[in-house]
Amino acid sequence: MHTRDGVSPERLPRVALAGSANSGKTTLFNLLTGSHYTTVNYPGSTVEYALGTAKRMPDFPCRVMDTPGLTSLIPSSPDEKVTVDALFAGANRPDFVVAMADANQLSRHLYLAKQLQETGFAVAVAVTMPDLLRARGKRVNAAKLSQLLDCPVAVLDPRKREGVEELGLALAKLAPPNPPTPFPPRGGEGGVKYPDYASFASGVNEEKVRDYYRALDEIERLSVEDAGPAEEPRGFTDAVLLHPVYGLAIFLAAMFGIFTSIFWLASPFMNLIDAGFGLLIAGVKHSLPASWITDLLADGLIGGAGAVLVFLPQILILFFAMGWLEDSGYLARGAALVDKPLSKIGLNGKSFVPLLSGYACAIPAMMAARTIPNRFERRLTIFIIPLMSCSARLPVYALLLAFLTPRDQPWIGGLALTGLYLMGSVLGAAVATAVSRFRPDKGFSDFILELPALRRPVPRVVLASTYHKAMQYVRKAGLTIIVIALGLWVLTHTPVAPLARLTPPAGGLGTTSREYVAVSHSYAADIGRFIEPLTRPMGLDWRGGVAMICGFAAREVFVSAMALMYRVEDADQKGLTKKLLASMSEVKFEGTNERVFTTSSVLGVILFFMIALQCLATVAVSRHETGGWKLPGLQLLAYTGAAYMLSVALVQGLRAMGVS
């Protein structure tokens, strides 16, 4: 692969973007690289950084590296330490560094820039969010700031695609005169000499830090000048959003609105996808000769993928809503709002973002916990993250709630979905409280949060973020779903039953077919019947037990497994979900007239999925982040065991009260 000038990207100069989490660093990276980037693990860790080729700086062709948030070269958390290690000793260490600085908090953000300069890095400063400073009647004089810092400065707004060319010109000033093409190899003759971190760190002390900030306060005073009258504040203010009563009410209302939209707004799009996959399956079966391979392709591959992708609209809505709140600056307010309640359960506001990220996926949420410096709080946060209802549970909840919710009252489903997410948080709080009470030695805890300015989100930025996150979700889950779906289909269709045995069984699927009989004589049936004594108290038959086992590979696979285990051949219903819901309404325990899926059994399955740790990838990440198997093993056994016992108790209790 080569650039348009014929230079391999690996031989271009490498530029690292460094700055705090709210400085606009990732927004700039996405603007510079577009979708042409890859994510890479830092050596020896699970933390990812992104690396791509800049497309919008013709004056300075380069490779751009986006690093996790950093406020100082003296790290205060494992996440910051990994970033420092990557800057100074990693395989992809940079030739130049762009220090990001929020114009509204200039002196604090320039602290990192001065440290980078002192270590010997070639540094350019990118001043972001000038629009918010302008609303206060101020502006940054880039020329004056450049003179005071003795380095190139560019004022830019990546959210509005402004100032990127100026950043390229600033970086070009750092390059050696008449640099050869391609750029000199790192560390070689004529290349960039890497700074020595050890000598820098040894010279840092409290007095030096105070001198830094005194100097930076003076630099901010001299470089920020008047630019006209300030604008009147509009909309909500921090006095309202951070109010212990009003703020909490707004937060709960926002969450209810998001989850109601997930259940209601996505419905027509889900129906379109559902019908589309149904037509695709019918088209494949009609165009190809009838055979075992055709059925594998149509029902196993396409049907298994369709049964999960039908829930993509709901996942998109979740990511979009969270991205909108983040871009507005509201999520940081949420962290400040819940700091006091979290302190009651042994955590603080720094756990908010990892816990909230758990609603999307537990894997990046556990990685985000690296920003928590206190070891006990970090491990406790990781321990309760699996109780947050991740997006992989969403397809399961959506299917089961659709079974229980009247079609003409979708708001009930939205309310129930909100309740499930809140219950996950309540359970996490209960577990954290119990653990922290039995662990008095918790170490020193502090919570210092820099609130980003409240601003109107840019739809383009939020949509781009939503797209990338959704595609990451699809890529991450796609291969697993395909492999599990195909493997399950093979298990449910081998060995092939003799034609003489393909007769309708009593108490079967209503519209019984050879498909059902083939599954009932398969290897999957043998496994399911072996574990049925365990699943029967939960209200599930052997087919539901097989689907439950498949859910341990990835929770969302449960839906495709259900689609395979409870398939109904009904020409009048082309949608996959409609077929599955119709099948669930009709299916009975073998040899009986007792329905498998009832109000009690469906509620039991929902409770099981709300608590059980069913994602083995999460277990692996938990082991890596905690440095051993003790905590992830406890998570797997405790959560799954408690989920099973509580599910059985709920189902049997409801039936004892007359709820079928």
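**Labels and their cut-offs**

Q: Why is Thr 598 called buried?
A: Thr 598 has 10% relative accessibility, and buried means under 20% relative accessible area, with exposed over 50% and partly exposed in between (1.4 Å probe, protein chains only). So Thr 598 counts as buried.

Q: What is this model, and how are its residues numbered?
A: It's a predicted model, in which local features need pLDDT of at least 70, side-chain atom pairs count only at pLDDT 80 or more, and totals for chains, interfaces and linings use all residues. Residues are numbered from 1 along each chain as its sequence is written, and side-chain values use heavy atoms, with hydrogens and water left out.

Q: Where is Thr 598 found, and which residues does Thr 598 touch?
A: Thr 598 sits in the loop between α25 (576–586) and α26 (599–611); helices (H or I, at least four residues) and strands (E, at least two) are DSSP runs, numbered from the N terminus. Leaving out residues up to four places away in sequence, Thr 598 touches Phe 403, Arg 655 and Ser 660, where contact means heavy atoms within 4.5 Å.

Q: What makes Phe 60 and Phe 96 an edge-to-face pair?
A: Rings of Phe, Tyr and Trp (its six-membered ring) pair if their centres lie within 6.5 Å; planes under 30 degrees apart count as stacked, over 60 as edge-to-face and the rest as tilted. By this rule the count comes to nine aromatic pairs. The centres of Phe 60 and Phe 96 are 5.6 Å apart and their planes stand at 75°, so the pair is edge-to-face. Phe 60 lies in the loop between β3 (48–53) and β4, and Phe 96 in strand β5, so this pair ties together parts 36 residues apart in sequence.

Q: Are Phe 60 and Phe 96 buried or exposed?
A: Phe 60, at 5% relative accessibility, counts as buried. Phe 96 is at 1%, so Phe 96 counts as buried too.

Q: What kind of pair do Tyr 111 and Tyr 212 form?
A: Tyr 111 and Tyr 212 are edge-to-face, with 5.4 Å centre to centre and 80° between the planes. Tyr 111 belongs to helix α3 (residues 106–119) and Tyr 212 to helix α8 (residues 206–223), so the pair links parts 101 residues apart in sequence. Ring pairs also join Tyr 111, Tyr 212 and Tyr 213 into a cluster.

Q: How do you know that β1 pairs with β4?
A: Two strands pair if DSSP finds at least two bridges between them. Four bridges join β1 to strand β4 (residues 63–66), and the two run parallel. In β4, Asp 66 is the bridge partner of Leu 17. β1 also pairs with strand β5 (residues 96–102), again parallel and over four bridges, and there Leu 17 has Val 98 as its partner.

Q: What makes β1 mostly covered?
A: In strand β1 (residues 14–18), five of its five residues are buried. On one side these are Arg 14, Ala 16 and Ala 18, and on the other Val 15 and Leu 17.
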